[in-house]
Amino acid sequence: MSTRPVNPGADYAVVMDGLDLVVVQQIDPDLTEGTNVTATATGVTAMQRFPRTETVGVGDGEIGATSSSFTLVKGTQLTFAPKARDRVIDADGVVWEIEDVTTGGFGTLYLCPDCVRKR
């Protein structure tokens, strides 16, 4: 058995192609005055999946929603655990609201499979 420490997040950042640096904002949904951003992490290593647009019927018409998923690498830049309602700002400046988060890679990766593009 190996005694070498395991850090899947660091390995992910080394072996994955197509990683970007993003901004993650921690949001306080109860704050009604001023900004509700309570913490910001910049330069967070992330993998973004291709965005997809889905339509939903509303009244006599339809409305479209664009969603994507992110894998965020925990590290010195990302010092807080993201949660639902937090935001990811991708490399193109598009703002995404996180719908749910799971932890993977022995606590070194945050998997955000459902993020919705903010209008």
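Begin by selecting Phe 70 and Trp 96, both of which are buried. The model on the screen is a predicted one. These two residues form the 1 aromatic pair counted in the structure. Their ring centres lie 6.1 Å apart and their planes meet at 65°; the pair is therefore edge-to-face, since planes over 60 degrees apart are classed in that way. Phe 70 belongs to strand β4 (residues 61–73) and Trp 96 to strand β6 (residues 95–98), so the pair ties together parts that are 26 residues apart in sequence.

Next, display the whole chain. Of its 119 residues, 31% count as buried.

Now turn to the charged side chains, where 4 salt bridges are found. Select Asp 114 and Arg 52, whose side chains meet at 3.7 Å, N to O. Asp 114 is in strand β8 (residues 109–117) and Arg 52 is in strand β3 (residues 52–58), 62 residues apart.

Move on to Asp 86 and Lys 83, which form a salt bridge at 3.0 Å, N to O. Is Asp 86 buried or exposed? Asp 86 is buried, with a relative accessible area of 0%, while Lys 83 is partly exposed at 35%.

Finally, select Glu 97 and Lys 118, joined by a salt bridge at 3.6 Å, N to O. Glu 97 lies in strand β6 and Lys 118 in the segment after β8, so this pair ties together parts 21 residues apart in sequence.

Terms used:
Residues numbered from 1 in each chain as written. Predicted model: local features only at pLDDT ≥ 70, side-chain atom pairs only at ≥ 80, totals over all residues. Heavy atoms only, no water. Buried < 20%, exposed > 50% of the residue type's maximum accessible area, 1.4 Å probe, protein only. Phe/Tyr/Trp six-rings, centres within 6.5 Å; stacked < 30°, edge-to-face > 60°. Helix = DSSP H or I, 4+ residues; strand = E, 2+ residues; numbered from the N terminus.
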